[in-house]
Protein chains: 2
Amino acid sequence: MNNDFSNDEKNGLYKAIFSRRDVRSHFTSDPIDDEVLSRILNAAHHAPSVGFSQPWNFILIKDFEIRKKIKDSFEIERKRSSHLVEEPQKSKYLSFKLEGILDSPLNICVTYDPLKFGPFVIGKSSIPETGIYSVCCAVQNLWLAARTEGIGLGWVSILSNDTLKKTLELPEHVLPVAYLCLGHVSEFAKKPDLETARWLPRLELKDVVYYEKWDRKENSSWNNIHELIKANLDYA
Amino acid sequence: MNNDFSNDEKNGLYKAIFSRRDVRSHFTSDPIDDEVLSRILNAAHHAPSVGFSQPWNFILIKDFEIRKKIKDSFEIERKRSSHLVEEPQKSKYLSFKLEGILDSPLNICVTYDPLKFGPFVIGKSSIPETGIYSVCCAVQNLWLAARTEGIGLGWVSILSNDTLKKTLELPEHVLPVAYLCLGHVSEFAKKPDLETARWLPRLELKDVVYYEKWDRKENSSWNNIHELIKANLDYA
């Protein structure tokens, strides 16, 4: 089959991937257009899912009282986790802006329901975690779609799942997978905040690719691709 | 900020999302171009990751003996799981083509290394599973990039993780998250195979969206978006 994507379409996907950021600052108060939001949610709903089980739900949250409870949970968890790291890293960690729960106009909690279309889901018996993996793919679709619509998104993971479940009244069997903050932004950062702050460097592509088995970095059958990967093409 | 995506670029992302398929058939023997493969891997490597930990590795596999062992594991697991479902669903399940391990020119195992940049990873203390979630986002990037390059991809989850770990010589602490089969294809199906086979229907978007809390399907603050979502715009 000939490739059915034009160069502009292909570039659109790569541009979304390389310019997507985990946004915690720069949110503006502009509301998100309802048509834009429905497109973003529809993109998330068209993620792959194990056995076509579509095990995700999207809880849209604007209510201040709810968001305040989540924000309180963030503060508690951030303080708790700061005791796990020594100075001077601890102060640096505490100086980072790591959430936009109240600054953004919209929060979305993405959940996993293991009972949907169950108990027998094709492809889920040997590795049951694949149900959660499907939900993560939906989050990434949502994130990329938001980026092409000019909407910033931040994933807040410094939270208590127990608080999320209680506050959002999730049934016992449902797992909160992602808590997202969305909104228009004054700018998208050129690089991830933690890279700019020199907290961690971006790994080179050659450092995360192996050939045939774990930790095999050289293999005569793979010389050509290895040279390309070492060149570390920077599309970002 | 004005939106920095052209209509063609935006459409490219949505086209990738809606035309992406879990491919198990229609692989051709054409090899994947090395530059295309390096672009796809680079897209995966630019996924979001908790605390910028980049906890993924990509093991590229062509070796026949390795793939044969994985294929054997698939056969064992498929047989085992078939006992979980009653007739007539059992025969239908066993009639599905669910992997392209030996038919595709390239397999990729995507793994999760919880020790990378550890032990303290920002954002991972309260919900340690977020490390695995990052790897799933990388898989979705990889999948979408492959689609825009005209490359089909199938995720095989009817496998034993123990066999994968042993065969690929993964360290004890490393988890195989996804086993992927990639290659050029004679066609991309219009709909998911399991939808076409009437195994399961696609849910409507309105059935997976809640407002403010779990299971709240109506809310006066959300009337406008609710009407749009009920219209169930079909971009696919």
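Me: Which residue does A:Asn107 stand opposite in β4(A)?

Reply: In this predicted model, strand β2 of chain A covers residues 106-112, and seven bridges join β2 to β4(A). The two strands run antiparallel. Within β4(A), the residue that stands opposite A:Asn107 is A:Cys181.

Me: Which residue of β4(A) is the bridge partner of A:Gly154?

Reply: Strand β3 of chain A, residues 151-155, is joined to β4(A) by five bridges. These strands run antiparallel. The partner of A:Gly154 in β4(A) is A:Cys181.

Me: How many of the ten residues of strand β4 of chain A are buried?

Reply: Strand β4 of chain A takes in residues 175-184. A residue is buried if 20 or more other C-beta atoms lie within 10 Å of its own. The strand is mostly covered, and its count of buried residues is nine.

Me: Which residues touch the most other members of the largest nonpolar core?

Reply: In soluble globular proteins, nonpolar side chains tend to be buried together. The largest nonpolar core here has 122 residues. A:Val110 belongs to that core, and residues up to four places away in sequence aside, A:Val110 touches A:Trp56, A:Phe58, A:Val135, A:Ala138, A:Val139, A:Val177, A:Ala178 and A:Leu180. The members that touch the most others are A:Phe58, A:Val110, B:Phe58 and B:Val110.

Me: Which residue in β5(B) is the bridge partner of A:Phe58?

Reply: β1(A) pairs with strand β5 of chain B, residues 209-211. The pairing is in the parallel sense and extends over three bridges. The bridge partner of A:Phe58 in β5(B) is B:Val209.

Me: How many residues of the side of chain A that touches chain B are nonpolar?

Reply: In total, 103 residues of chain A are in contact with 103 residues of chain B. Among the elements of chain A that each supply at least two residues of this side are α1 (7-19), α3 (64-82), α5 (130-148) and β5 (209-211). The residues of the side include 25 polar and 18 charged. The nonpolar residues number 60.

Me: What percentage of the interface residues of chain A are also interface residues in chain B?

Reply: A rotation of 180° with 0.0 Å of shift along its axis superposes chain A on chain B, with an RMSD of 0.0 Å. The two copies are therefore related as by a two-fold rotation axis. The copies meet through the same surface, because the share of interface residues of chain A that are also interface residues in chain B is 100%.

Me: What distance separates the centres of domain 1 and domain 2 of chain A?

Reply: Chain A is divided into domain 1, residues 7-190, and domain 2, residues 203-236. Along its principal axes, the C-alpha trace of chain A spans about 60 × 50 × 35 Å. Taken over C-alpha atoms, the separation of the centres of the two domains is 31 Å.

Me: In what order do the elements of chain A run from the N terminus on?

Reply: The secondary structure of chain A comes to eight helices and five strands. Buried residues make up 49% of the 236 residues in this chain. Among contacts in chain A between residues at least 6 apart in sequence, 84% join residues at least 24 apart. From the N terminus on, the order of the elements is α-α-β-α-α-β-α-β-α-β-α-β-α.

Me: Where in chain A is A:Pro88 found?

Reply: The peptide bond from A:Glu87 to A:Pro88 is cis, with omega near 5°. In chain B, a cis peptide bond joins B:Glu87 and B:Pro88, with omega about 5°. B:Pro88 lies in the loop between α3 (64-82) and α4 (89-95) of chain B. A:Pro88 is found in the loop between α3 and α4 of chain A.

Me: What is the value of phi of B:His26?

Reply: B:His26 is found in the loop between α1 (7-19) and α2 (34-45) of chain B. With 18 other C-beta atoms within 10 Å, B:His26 is partly exposed. Its phi is positive in a residue other than glycine, with a value near 70°.

Methods. Residues numbered from 1 in each chain as written. Chains lettered and ligands numbered in written order. Predicted model: local features only at pLDDT ≥ 70, side-chain atom pairs only at ≥ 80, totals over all residues. Contact = placed C-beta atoms within 7 Å. Helix = DSSP H or I, 4+ residues; strand = E, 2+ residues; numbered from the N terminus. Nonpolar A, V, L, I, M, F, W, Y, C, P; charged D, E, K, R; others polar. Pairing = 2+ DSSP bridges. Domains from an automatic or database assignment. Core = buried A, V, L, I, M, F, W, Y, C linked by C-beta atoms within 7 Å. Buried ≥ 20, exposed ≤ 12 C-beta atoms within 10 Å, placed from the backbone. Least-squares fit on C-alpha atoms with pLDDT ≥ 70 in both.
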